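Visitor: I want to learn how to read a model like this one. Can we go feature by feature?

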Amino acid sequence: MSTPSGETRTDETATSGAVLEVEDLVVSYGARIAVDGISLRIARGKILGLLGPNGAGKTTTLSVIEGLRRPSRGSVLVDGIDALRHPIDARARLGVQLQSSGFQPELNIEQLLRLYAGLYGVPLTRTAAREALDGIGLEQEASKRLKGLSGGQAQRFSLLIATLHDPLLLLLDEPTSGLDPQSRRSLWQRIEASRRRGGSILLTTHSMEEAQAVCDRIVIIDHGRIVTTGSPAELIATHRDDRRVRAIAHGDPTLEDVFIALTGSDLRD
């Protein structure tokens, strides 16, 4: 949807009650503009998928929301808190699971769990820590360091850390990348549990099938700008007769057909 000024934004919810509000976000790396006027909103208990080819600006957008990078222009509100002026207060409402986690390598996962519980101000005895690890199938791995876990185990552990404090907003950067179907299903069960408790989720993924199945709304970006937005069903219905979609679809159009038609089929680094 476009505003009177021509700025593109999602219409997920009105300003009041939004868990996340990003307005006119611009991020530059020298002369290169990585994010160019992105605006989006997420309501409580909703999953918003931020989709785009490699280099489209997804991870940069997440980095600004998390407080790791300051934008050239724009604003970020987390539960009404200005994340640029009050980053500590905003981060207290966030849970973050990135593609690569910077956990302390010298600690085992039980020690890491209790360390992060303390940082979040969550009381966690050793017995409770073991119970939490048992809940994700890792009690027997409690003495292992993160590098000793399989990819699926590491992802489950990272999500446990990210949701220890029941965050209002969970940022997930390709959380199921490289996982087998069993690990992926287990991860999404825990993500859904977070949503049922009232948490909202901002998700990036290269799996169009996953995005179509789990996201309430989708924002597709390319070259730092929003290309289109809507629910998965709305995007397919809106673009199904686009000649670019018809040229690549085999049978009924899918979200992946729409994505490729709108962002191009060229390979991205």
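Visitor: Start with one residue. Which helix does Glu192 lie in?

Guide: First, a caution: this model is predicted. Glu192 lies in helix 6, residues 181–196.

Visitor: Is Glu192 buried, exposed or partly exposed?

Guide: Its relative accessibility is 24%. Buried means under 20% and exposed means over 50%. Glu192 therefore counts as partly exposed.

Visitor: How far is the C-alpha atom of Glu192 from that of Gly45?

Guide: The two C-alpha atoms are separated by 9.5 Å. Along the chain, Glu192 and Gly45 are 147 residues apart.

Visitor: Now the sheet. In what order do the 6 strands come?

Guide: The general idea comes before the case. Strands of a sheet pair through backbone hydrogen bonds, either parallel or antiparallel. Here the order is 6-7-8-3-9-10. The sheet is open and its pairing is mixed. Strand 6 (94–97) and strand 10 (225–230) are the edges, each pairing on one side only. From one strand to the next, the twist averages 15°.

Visitor: How do strand 9 and strand 10 run, parallel or antiparallel?

Guide: They run antiparallel, joined by 5 bridges. Strand 9 covers residues 217–222. Take Ile220 as an example: its bridge partner in strand 10 is Thr228.

Visitor: Which strands does helix 1 touch as it packs on the sheet?

Guide: Helix 1 (residues 58–66) touches strand 3 (47–51), strand 6, strand 7 (169–173), strand 8 (200–204) and strand 9. Its direction makes about 150° with that of strand 7. Helix 5 (residues 151–162) lies across strand 6 and strand 7. The angle between helix 5 and strand 6 is about 165°.

Visitor: What is Ile65 in contact with, leaving aside neighbours within four places in sequence?

Guide: The list is Leu20, Val22, Val76, Leu94, Leu169, Leu171 and Leu202.

Visitor: How do strand 1 and strand 4 pair?

Guide: They pair in the antiparallel sense over 5 bridges.

Visitor: Which residue takes a positive phi in the hairpin of strand 4 and strand 5?

Guide: Asp79 does, with phi near 55°. That hairpin has 2 residues between the strands.

Visitor: Last, a helix pair. At what angle do helix 8 and helix 10 cross?

Guide: The axes of helix 8 (residues 232–239) and helix 10 (residues 255–263) cross at roughly 60° and come within 9 Å. That angle makes helix 8 oblique to helix 10. The crossing is left-handed.

Visitor: Which residues of helix 8 meet helix 10?

Guide: Leu235, Ile236 and His239 do. Their counterparts in helix 10 are Leu255, Val258 and Leu262.

Notes. Residues numbered from 1 in each chain as written. Predicted model: local features only at pLDDT ≥ 70, side-chain atom pairs only at ≥ 80, totals over all residues. Heavy atoms only, no water. Pairing = 2+ DSSP bridges. Helix = DSSP H or I, 4+ residues; strand = E, 2+ residues; numbered from the N terminus. Axes fitted to C-alpha atoms, helices over the stretch in contact; angles between N-to-C directions. Contact = heavy atoms within 4.5 Å. Parallel < 35°, antiparallel > 145°, perpendicular 65-115°, else oblique. Left-handed = near helix turned anticlockwise from the far one by under 90°. Buried < 20%, exposed > 50% of the residue type's maximum accessible area, 1.4 Å probe, protein only.
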